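Here is a short briefing to read alongside your model. Keep the viewer open and follow the topics one by one.

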Amino acid sequence: MKATKIDLVMQHINQQINNRSLMPGSRLPSVRALAERLTLSVSTVVEAYERLASQGLIESKTGSGFFVAGPLAPLSMSQFTAKIDRNIDPLWISRQSLEAQPNVLKPGCGWLPDDWMPYENIRKVLRKVSKANSEILSNYSTPLGLLALRELLSRRILVRGVEANPNQILLTDSGTQAIDLICRYFLKPNDVVLVDDPCYFNFHALLKVHQVQVIAVPYTLNGPDLPAFADAIQTYNPRLYITNAGIHNPTGAVLNASTAYQVLKLVEQSNLIVIEDDIFADLELHTAPRLAAMDGLSRVIYIGSFSKTLSGSVRTGYIASKTEWIEDLADIKIATNFGGNNLSAEILHAALTDGNYRKYLDELKIRLAKAMDVTIKQLNQLSIKPWLKPQAGLFLWCELPTHLDSARIAQKCLEYDVILAPGNSFSQSKNFKNFIRFNVAQCLDPKIFEVLSLAIQHEIDQQKL
């Protein structure tokens, strides 16, 4: 049955309640204001409000108007992307990769193959830690986390110019949790957050949960586009800017010193706090500028983890920041997670200090460089060109011929058990329809390029119809 005008008004209000644009207690527009906005009669809006009130979704307060009733239905992340092909939904790409069977190939995922990880080292340190003090196996961690690991991290990040004593470092269960804690601390609904365009796709998913407005700033070969960055600050008065340090995800680009300096000058003149995510630091061949080092942790918060190089199962990340922020973030960590993963912290500390990690990294960098060359050669045969050849890291950000849709190609590849990461899943602006991010470590099976060739040809044939 065709929806009536009353139904359409009800759907309009329902959608705003479900996506948290209207929260419990929020005042709805007056019936006259909404009628004018939707070009409907006042009586239509009155009837829609009355029906919503009878369903318990809104309530009338005499002399004050209509308000959203509570509680709300549980938040479903799928509602944010219901109108988008699920193959370009960041959460769906992650779930496909995480749930994939062993026979599925994952050039679109963001981690190393299992047989590239130092699992023998992990087994060794697990045996060592299991024989240690029984408190390690049973007790909660201290609020800031294992002191020995924080002391080690303080020395490690100093190599990149980031100065933080152990009391300026908070251990978290992952890099993602680190960003979530910072967002909880600084953000309230409808605040503005700047991200790179393109950027790591889980930034988009996480910021949806915090119900903020996301503004994309184009990312160049040398860092964020400075005129666009300045314009976004002036226009939107953003609260946070989230970016990658060192090796950028997905582009593989590296921030240069001049751009970093000018970014910080703009930050100093604003209300902006920067989250600098450095989870690929150990894959660098040459140390790139760090905003946190140049800023002295004044307005830049530095985070990292070892999921990409050591273990995605031993979940430990960290935040380095000014002491007063660390103290407040520790309180939020206790409120939301109570104690951190003490056992993982002990395992990570043992793995980083047993003498094998440095050798493993040296071999890993060589292996990635070879995989990068092989992948570029294979992609060139399909007329797929890298946006740039990265100095190091896992990722190639590649451009298809302009008439090809990477989401449709990814959908076809999925039929052959190959998971890709189409460009628009990394983009707030949706300007990367013909881009794909490839993980070179996951691209060494020839089947990937055979399936990709078939999918490209299928897309070309479909366009001819």
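This is a predicted model: local features need pLDDT of at least 70, side-chain atom pairs count only at pLDDT 80 or more; totals for chains, interfaces and linings use all residues.

Val192 has Gln213 as its bridge partner in β5. β4 (192–197) and strand β5 (residues 213–220) pair in the parallel sense over 6 bridges; two strands are said to pair if DSSP finds at least two bridges between them.

Residues are numbered from 1 along each chain as its sequence is written, and side-chain values use heavy atoms, with hydrogens and water left out.

**The sheet of 8 strands**

- β4 and β5 belong to an open sheet of 8 strands with mixed pairing, in the order β3-β10-β9-β8-β7-β4-β5-β6.
- At the edges stand β3 (169–172) and β6 (223–224), each of which pairs on one side only.
- Helix α7 (residues 147–158) packs on this sheet and touches β3, β9 (300–305) and β10 (317–320); contact means heavy atoms within 4.5 Å.
- The direction of α7 makes about 115° with that of β3; axes are lines fitted to C-alpha atoms, for helices over the stretch in contact, and angles run from 0 to 180 degrees between N-to-C directions.
- α10 lies across β4, β5, β6 and β7, and runs at about 165° to β5.

- β13 is joined to strand β14 (residues 435–439) by 2 bridges, and the two run antiparallel.
- Pro422 has Ile436 of β14 as its bridge partner.

- How do you describe two packed helices?
- The axes of helix α16 (residues 406–414) and helix α17 (residues 446–464) come within 9 Å and cross at roughly 125°.
- That angle makes α16 oblique to α17; under 35 degrees counts as roughly parallel, over 145 as roughly antiparallel, 65 to 115 as roughly perpendicular and the rest as oblique.
- From α16, the contact is made by Arg408, Ile409, Lys412 and Cys413.
- From α17, the contributors are Val451, Leu452, Ala455, Ile456, His458, Glu459 and Gln462.
- These contact residues divide into 6 nonpolar, 2 polar and 3 charged; Ala, Val, Leu, Ile, Met, Phe, Trp, Tyr, Cys and Pro count as nonpolar, Asp, Glu, Lys and Arg as charged, and the others, Gly among them, as polar.

**Backbone details in the loops**

- Asp197 and Pro198 are joined by a cis peptide bond with omega of about 10°, and Pro198 is found in the loop between β4 and α9 (201–209).
- Another cis peptide bond, with omega of about 15°, joins Asn249 and Pro250; Pro250 is in the loop between β7 (240–244) and α11 (257–268).
- Asn237, in the loop between α10 (226–236) and β7, has a positive phi of about 50° although it is not a glycine.
- Asp417, in the loop between α16 and β13, has a positive phi near 65° and is likewise a residue other than glycine.

**Burial and contacts of single residues**

- Asp417 counts as partly exposed at 30% relative accessibility; buried means under 20% relative accessible area, exposed over 50% and partly exposed in between, with a 1.4 Å probe and protein chains only.
- Asp180 lies in helix α8 (residues 175–186) and is buried, with a relative accessible area of 16%.
- Leaving aside neighbours within four places in sequence, Asp180 is in contact with Leu206 and His210.
- Asn341, in the loop between α13 (323–337) and α14 (342–353), is partly exposed at 33%.
- Asn341 touches Asp173 and Arg315, not counting residues up to four places away in sequence.

Terms used
Helices (H or I, at least four residues) and strands (E, at least two) are DSSP runs, numbered from the N terminus.
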